[in-house]
Amino acid sequence: MLFDELAISKEFIKNIKSLTYTKLTQIQEQMIPLALEAKNIIAQAKTGSGKTAAFCIPIIEKLEVKKFRIQILVLAPTRELANQIAQEMRQLSRHIHNVKVLTLCGGVAFKPQVISLQHEAHIIIATPGRILKHIREDNINLKHLNTLVLDEADRMLDMGFYEDINDIIQSLPSKRQTLLLSATYDDNIKKLANNFMQSPILIKSEVLHERTIINQTFYKISNQNKSSLIPALISTNKAKSILIFCNMKITCEQLADELDDLGLDVLSLNSNLEQKDRDEIMVLFSNKSYPILIATDLASRGLHIDNIDLVINYDLAHDINIHTHRIGRTARAGNTGMAISLYQDEDEEKLEDIKSCFADISFEEVSNLSDNLSYTIDSDYRTLYINGGKKQKLRAGDILGALIIGVGLVKEDIGKIDSFPFCSYVAIKTAVLNKAYDGLSNTKIKGKYFRIHKK
Ligand code: ADP
Ligand code: MG
């Protein structure tokens with residue numbers, strides 16, 4: 001189905017096409033028409049199948065922009081995912097003037113959020129803890145809300161979040177549309193959903209975990225030093241962007257140190273870090289300045305990073321759903337990917353679950369692994385930090401212009417540009433990093449010199 005066939009405005013279709021989306025993904029085709037009819041929906045579709053746009057498109061279409069009140073609330077389990085959804089929501093609503101999308105997440109100052117709320121917004125994207133705090137302090141007017149979305153809904157309704165979600169839902173108008181999305185659900189989802197959704201429609205898209213897309217290999221580990229296997233696992237697969245999952249923060253830290261000692265460039269992400277650092281780590285990994293990101297399950301849900309080609313489960317996930325979400329960070333939007341899982345004797349039971357869910361996994365011996373020494377594990381880019389961002393009206397186009405016209409780089413030298421309120425990051429091909437650094441330090445951007453750092 002083409003976007004032209006949807007019952008949405010012409011301007012909206014044009015905007016979607018400008019994002020180079022041509023056809024709807026299967027879940028979008030199944031969900032958007034029903035969501036446009038204000039149905040309550042529980043949608044299940046595999047990781048990377050475009051569920052974000054599947055809920056954003058219908059809710060943007062029904063948004064009344066002239067009514068400057070909160071109409072839509074999207075809840076997500078992590079700050080990183082909330083920010084990513086906000087970004088997609090903003091892109092998809094570009095054809096409408098003055099849509100205000102506000103994120104309310106923990107880890108950043110509370111007061112500025114209160115002030116933003118006083119100025120009203122149309123769409124709120126939030127993590128549960130922080131929005132609940134605003135609700136309890138009466139900072140937020142939800143009387144005009146007509147749509148609630150739970151992304152990663154099974155996670156949002158599990159033990160860790162359920163009470164918070166329940167409290168949030170109690171403070172919303174009961175007459176509203178509710179949309180649930182995830183790649184996985186437990187059997188009791190319908191029963192659970194009936195507590196706060198009226199006659200939800202269940203939509204399940206395609207073969208949930210298509211076979212050929214994620215190539216899964218398992219290695220049994222006995223007494224080996226696990227970290228010493230990582231270079232061989234990466235080099236034999238010629239991977240360039242690798243996400244490694246550990247079950248605990250402490251393992252992440254240890255592994256990061258060990259890989260660092262082996263001379264690899266690694267980043268490590270966990271919830272102990274300050275949000276500023278978490279954001280920067282996400283930037284440096286997604287713009288391909290570092291080949292390896294080590295993370296807890298903080299990164300297993302919903303995050304979309306282009307072109308991750310290898311996921312390594314350094315520890316086997318605690319259950320099959322977590323495993324599914326972790327490996328779903330690769331092979332997204334129609335691409336293929338690899339997933340390698342290390343397991344031990346005590347994981348046999350979990351392994352049985354995985355075998356029953358994924359038909360075509362393969363098992364290899366660690367002893368057959370050999371490091372492909374001709375392969376260098378490195379990234380194509382490095383990052384420059386610029387001490388100015390959206391608040392200084394510094395846009396991606398300005399930075400691009402300064403680098404091309406001012407510094408003399410070509411377009412191909414410049415990678416992803418990420419803008420934050422007070423700073424920006426630009427990925428530069430390694431070979432021209434110094435030229436870019438020296439040049440940009442001595443070039444005005446939008447008539448001003450900014451402080452530049454190499455990251
Ligand atoms: P999910 O939530 O199902 O895991 P996402 O919503 O994060 O997946 O989407 C994965 C990727 O697919 C994103 O990069 C998104 O921009 C892209 N995408 C979404 N819809 C389409 C489409 N109709 N055509 C092409 N790419 C799409
Ligand atoms: Mg998603």
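Me: Which is threonine 20 in this predicted model, buried or exposed?
Reply: Threonine 20 has a relative accessibility of 67%. Buried means under 20% relative accessible area, exposed over 50% and partly exposed in between (1.4 Å probe, protein chains only). At 67%, threonine 20 therefore counts as exposed.

Me: What pLDDT must side-chain atom pairs have to count here?
Reply: Residues are numbered from 1 along each chain as written, chains are lettered from A and ligands numbered from 1 in written order, and side-chain values use heavy atoms, without hydrogens and water. In this predicted model, totals for chains, interfaces and linings use all residues, local features need pLDDT of at least 70, and side-chain atom pairs count only at pLDDT 80 or more.

Me: Back to the backbone: what is phi of threonine 20 near?
Reply: Threonine 20 sits in the loop between helix H1 (10–18) and helix H2 (26–36). Helices (H or I, at least four residues) and strands (E, at least two) are DSSP runs, numbered from the N terminus. Threonine 20 is not a glycine, yet its phi is positive, near 65 degrees.

Me: Where is asparagine 98 found?
Reply: Asparagine 98 has a positive phi of about 65 degrees although it is not a glycine. With a relative accessible area of 68%, asparagine 98 is exposed. Asparagine 98 belongs to the loop between helix H4 (79–92) and strand S3 (101–104).

Me: Which is histidine 323, buried or exposed?
Reply: Histidine 323 lies in helix H13 (residues 320–327). Leaving aside neighbours within four places in sequence, histidine 323 has contacts (heavy atoms within 4.5 Å) that include Gln216, Phe218, Ser341 and Phe358. The relative accessibility of histidine 323 is 0%, so histidine 323 counts as buried.

Me: How far apart are the C-alpha atoms of tyrosine 162 and proline 128?
Reply: Tyrosine 162 is part of helix H8 (residues 159–170), and its relative accessible area of 23% makes it partly exposed. Beyond its neighbours within four places in sequence, tyrosine 162 is in contact with Met156, Leu157, Leu192 and Asn195. Tyrosine 162 and proline 128 are 34 residues apart along the chain, and their C-alpha atoms are separated by 9.6 Å.

Me: How many salt bridges are there?
Reply: A salt bridge is a side-chain nitrogen of Lys or Arg within 4 Å of a carboxyl oxygen of Asp or Glu. Glu152, Asp154 and Arg301 are linked in a network of such bridges. By this rule, the count of salt bridges comes to 19.

Me: Which residue forms a salt bridge with aspartate 167?
Reply: In this salt bridge, the closest N and O atoms of aspartate 167 and its partner arginine 136 are 2.9 Å apart. Aspartate 167 lies in helix H8 and arginine 136 in helix H6 (residues 128–136), so the pair ties together parts 31 residues apart in sequence.

Me: How many residues apart are lysine 455 and glutamate 280?
Reply: Lysine 455 forms a salt bridge with glutamate 280, with the closest N and O atoms 3.2 Å apart. The pair links distant parts of the chain: lysine 455 is in the segment after strand S18 (452–454) and glutamate 280 in helix H12 (residues 275–286). Lysine 455 is partly exposed at 38%, while glutamate 280 is buried at 17%.
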